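Subject: Handing over the structure

Hi,

Here is the structure I promised to pass on to you.

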Amino acid sequence: MLPPDSRTTLLRQLEPPPGAKIEHLVGTTFTLDLESALLPCLALAGSANADKADAVETVAAIRASIGKVDIFHQVGHIGVPQNRSPLYSLLEDSIHGIGRTKGLFHPKLWLGAYRGEGGEEIYRLIILSRNLTKDRSWDVALSLDGQLTNSRIAGNAPLQNLLDYLLDASATPIDGERRARLTDLGKRLQKVKWELPARATDIAFHVYGLPRRTKPTPDFSGYKHLLVSPFLNDAGLQHLTEGRKGPLTVVSRQEALNCLSEDAAESVDTAYVVSANAGLPGEEDDSSTLGSTLLDTLHAKLYAVERSKVAAHLFIGSANATDAAFNRNVEILVELTGPPKLFGVDALVGGEGFGPILELAEIESDTAETDEEQEDLDRYVRTIAGVSLVATLSRSDDEGATLAVTSEEPLPTFDADVSLSLSLLTVPSKQEQVLPASPVDVVFGDLKLSDVTAFVVIEAQRGGRRSRSVVKAELIGDDSGRLDSIVTDQLDGPEAFRRLLALILAFGGLPTDQDGALGETEGAGTGNWSQYDQGLFELIMRSSVSNREGLEYLAGIVSSIIDGKDPNNVLPEGFVPLWEAVAAATDLKVGKQ
């Protein structure tokens, strides 16, 4: 569990253990921010500047790891980035929307499979309350490391069931290689033994909302309860405290507390909210570095129950204290059992836990204000996002591209005042109107190949309100050079090409300090193939054995540049003959053949 004053980042938690390499990373989230979706690739590639990486480093990191990453999210909940860059198209194969649920797809976890230096399999499971967004709320997370054993462990069945569900519930097809890898991960997960946190004596996983699976029934009974949840309602409160025999402490947002009825409010003995000063830097803090990362509201979900003097039960995960969380949504909670002095109510809200960031609150029952019209519009966009879209690419003789976006089923209706539009994520200026109760049938023409994308933006407007989301379509007739063209568009000269080449090979796992191959050498920034570049050439040749995948990816980029006549002059003088020699020695493609 992350204490409230610990700013441990997701990036640091996802990094492979020392000496290990990533084999597969699976993440689930309710809302998704595409910019944040780039960060796991940067972390897994070993980027030293993940939060400040430029386009060249980002491209290299995506290349190194995107084939090993799968991210699942609730359809209709991908935020539209401010900078609608074609770089996001490089994420397409790894992003999977989930729409077939009774309620919402709401679990938040990361599961990493790594391979150690000795060939051993290492696993890391992170259960958390944070979405994959740039949200600055107070959250909670539990990180578990595990080792593969020789026998099945029954307690892991809910985790395997969740992975199996993801394969069947994706709104767009998952390619065969990814499906096979996810299936295999689920099977191996059955035999992983998790290392318990300090002083914990037991662990259990509870996954809600899976079709054809028995609903979990964790025991929330006890004589002392703590509920930490940003959202509350009477039914959720009752579910978590049924049969309680002692005091109830609730930590939430003021507006959520005010949603409770008078009867429910009277059942709460002590209520807290996060102090308005909780995220402010202290006198000795450097406000210039902290100012952009201050935590400003509550998003953690945590429930503690004391049932005896020797055992407390701590639940951490994605489920809010609402009836939807426990009866309709897909959610996950992990339950830890341990001593009350560490896992109990007083330990968590005391001075060593969340206590320093909390302040007492008064509940003003039934006074919360909500924008129901905006909530209705958001739900409508989520429903639209559940309609399967197909984007069909066609090419013209002049190398231009056309993308036709269609659906078989009609868009759902709302009311006569709503207006709908569809645009490509990469080209916001090309916006086409679509109609409720009619199938989608729009064409985007005069596109560059790098503008072609599976990501479209659906937008609904009504009465001065707006709701929109990125939606992934199934891309038909894709051009094998499309993603390479996106990469080459990021290169503005020989130095950018050199950096990309070096980073691709370095992120592939090859040492970067041998023979000074990537060191600073005179002439590195010129347009000539210098002695510095000779070190890179040696690195390329070593990669033909140790990082063939990276070399083949590089070959696609080089071919794209050569086929396009290198309009930005990014290939250093003298590089092409050397590359042809590499291609001849390693059986790589040089250009159009």
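Val59 sits in helix α4, which covers residues 55–65; bear in mind that the model is predicted. With a relative accessible area of 1%, Val59 counts as buried, because the cut-off for buried is under 20%. What does Val59 touch, leaving aside residues up to four places away in sequence? Its contacts are Leu87, Leu90, Val487, Gln490, Leu500 and Tyr553. Take Val487 from that list: 428 residues separate Val59 and Val487 in sequence, yet their C-alpha atoms are 6.7 Å apart in space.

Next, please turn to the open sheet. It is built from 7 strands with mixed pairing, in the order β5-β3-β1-β6-β7-β8-β9. The edges are taken by β5 (95–98) and β9 (192–194); each has a single partner strand, so one side of each has no neighbour in the sheet. On average, neighbouring strands here are turned by 20 degrees against each other, ignoring direction.

Within this sheet, you can follow the pair β7 and β8. Strand β7 (residues 121–128) and strand β8 (residues 141–148) run antiparallel and are joined by 7 bridges.

Helix α6, made of residues 176–189, lies across β1 (21–29), β3 (69–74), β5, β6 (109–115), β7, β8 and β9. Its direction is at about 90 degrees to β1.

Another strand to visit is β13, residues 270–274. Is β13 mostly covered or mostly open? It is mostly covered, as 4 of its 5 residues are buried. Strand β12 (residues 248–251) pairs with β13 in the parallel sense, over 3 bridges, and Val251 has Tyr272 in β13 as its bridge partner. Strand β17 (residues 358–360) is joined to β13 by 3 bridges as well, and these two run antiparallel. There, Val273 stands opposite Glu359 of β17.

Finally, a word on the cysteines. How many disulfides are there? The count is 0, with a disulfide taken as a pair of cysteine sulfur atoms within 2.5 Å. Two cysteines you can look up are Cys41 and Cys259. Cys41 is buried, at a relative accessible area of 1%, whereas Cys259 is partly exposed, at 37%.

Enjoy exploring, and do write back with any questions.

Best wishes

Methods
Residues are numbered from 1 along each chain as its sequence is written. This is a predicted model: local features need pLDDT of at least 70, side-chain atom pairs count only at pLDDT 80 or more; totals for chains, interfaces and linings use all residues. Side-chain values use heavy atoms; hydrogens and water are left out. Two strands pair if DSSP finds at least two bridges between them. Axes are lines fitted to C-alpha atoms, for helices over the stretch in contact, and angles run from 0 to 180 degrees between N-to-C directions. Contact means heavy atoms within 4.5 Å. Buried means under 20% relative accessible area, exposed over 50%, partly exposed in between (1.4 Å probe, protein chains only).
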